[in-house]
Amino acid sequence: MKTMIRSMMILIGVSLLFFSDGVLADDPPASDAPAAVVNGTTITQKALTFETQRMVEQMARQGRVPDEKNMPMVREEVLTRMVEEELLYQASQAEAITVPDSRVTAELDAIKKRFPSEKEYKDALAGIDMKEADLAKKITRGVAIEQLIRDHVVQDITVDEAESHAFYDQNTDMFKRPEQVQARHVLIKTTEDFTAEQKAEARAKIDAVRQKALDGADFATLASENSDCPSRTKGGDLGYFSRGQMVKPFEDAAFALETGTLSEVVETQFGYHIIEVTDRRSATVVAYESARAQIEERLKQEKSRRRIKEYIEGLRAKADIKRPVPVTK
């Protein structure tokens with residue numbers, strides 16, 4: 001439930017992340033003029049510009065960079081979230097919710113640990129014109145809202161067995177588990193730029209590794225010492241996977257192997273592989289009892305989202321929200 005509440009905080013715009021890659025190139029200077037006034041509390045154009053940039057950067061990381069004509073819509077969405085955050089924070093204060101300094105300190109420390117050094121942390125703050133005290137205030141608001149939602153909005157949400165069983169019966173495709181294999185591999189990497197000589201060297205190396213495996217050498221050791229795949233840290237183990245999750249030559253070879261057997265050399269776009277299948281799982285349907293906890297958590301989250309939305313709508317209905325000026329670019 002705590003994870004769900006944090007996720008909802010992100011959805012309504014309460015984010016403690018502040019990594020920045022620069023300012024929006026065409027943004028005019030932001031001002032302290034109000035973008036909205038919520039029960040007498042002002043949300044400034046400057047704050048709106050700051051949060052809009054965070055949103056644009058997040059969208060860019062997802063490959064969804066908004067074009068110029070869509071920027072007013074993005075800013076409007078951000079302002080809506082900021083208004084909702086303010087309404088929720090005001091509600092938390094009406095409920096006399098306080099946030100211990102120790103909690104704020106712990107959250108600040110967690111953020112600092114994301115940076116290689118104290119200097120880079122401070123440089124990041126300076127780069128977005130934010131003081132640590134401002135960040136602490138954002139943390140305080142976010143934690144207060146989290147507690148409000150947990151203790152006063154979704155605290156009594158439950159899912160009974162009839163509901164979870166009905167979901168299971170109505171969504172049987174969700175619980176079908178396809179055939180899977182567990183495999184480990186050694187990869188000797190090649191690229192399109194490799195010369196014929198380089199490819200021959202890579203092929204000779206994988207052939208030598210395969211022969212050592214056939215001679216009884218420990219596969220995990222061979223992978224850790226020779227593989228160019230990050231899985232080498234786990235002895236080459238890739239875990240369980242089903243069809244469609246690996247490139248086709250690799251998939252075809254893995255699913256054709258019997259458990260405990262070693263493949264021929266397999267070439268893919270990544271290079272040369274040898275594969276050993278360590279386990280197999282037949283296609284099956286996950287039993288209700290095995291899926292029950294996951295179903296209940298999903299249904300709780302769905303109910304909680306609806307409850308939070310209704311709660312915010314109720315706050316809006318009673319609030320005095322003014323928009324002194326249009327949301328500008």
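**Entry 1: α8 and α9.** I started with this helix pair, and α8 and α9 are roughly antiparallel to each other. (Angles under 35 degrees count as roughly parallel, over 145 as roughly antiparallel, 65 to 115 as roughly perpendicular and the rest as oblique.) Their axes cross at roughly 160 degrees and come within 10 Å. Axes here are lines fitted to C-alpha atoms, for helices over the stretch in contact, and angles run from 0 to 180 degrees between N-to-C directions. I noted a right-handed crossing where α8 passes α9. (A crossing is right-handed if the near helix is turned clockwise from the far one by less than a right angle, and left-handed if anticlockwise.)

I then listed who touches whom. From α8, K205, V209, K212 and A213 meet F219, L222 and N226 of α9. Contact means heavy atoms within 4.5 Å. By class I get four nonpolar, one polar and two charged residues in this contact. (Ala, Val, Leu, Ile, Met, Phe, Trp, Tyr, Cys and Pro count as nonpolar, Asp, Glu, Lys and Arg as charged, and the others, Gly among them, as polar.)

**Entry 2: ground rules.** The model is predicted: local features need pLDDT of at least 70 and side-chain atom pairs pLDDT 80 or more, while totals for chains, interfaces and linings use all residues. Residues are numbered from 1 along each chain as its sequence is written, and side-chain values use heavy atoms, with hydrogens and water left out. Helices (H or I, at least four residues) and strands (E, at least two) are DSSP runs, numbered from the N terminus.

**Entry 3: the sheet.** In what order do the strands of the open sheet lie? I read β5-β4-β7-β6, four strands with antiparallel pairing. Two strands pair if DSSP finds at least two bridges between them. β5 and β6 are the edge strands with a single partner each, so one side of each has no neighbour in the sheet. The twist averages 45 degrees from one strand to the next.

β4 and β7 pair over 10 bridges, antiparallel. I found I188 opposite Y272 of β7. α8 (residues 196–214) packs on the sheet and touches β4, β6 and β7; its direction makes about 35 degrees with that of β7. α9 (residues 219–226) also packs on the sheet, touching β4 and β7, and its direction makes about 40 degrees with that of β4.

β4 and β5 run antiparallel, joined by four bridges. Q182 has Y240 in β5 as its bridge partner. I checked cover too: eight of the 10 residues of β4 are buried. (Buried means under 20% relative accessible area, exposed over 50%, partly exposed in between, with a 1.4 Å probe and protein chains only.)

**Entry 4: α10.** Which residues of α10 (residues 248–256) are buried? I logged F250, E251, A253, A254 and F255. They pack against β4 (180–189), β5 (237–242), β6 (266–268) and β7 (271–281).

**Entry 5: α2 and α3.** α2 (residues 45–61) packs with α3 (residues 71–94) at about 110 degrees, axes 9 Å apart. That makes α2 roughly perpendicular to α3. α2 passes α3 in a right-handed crossing.
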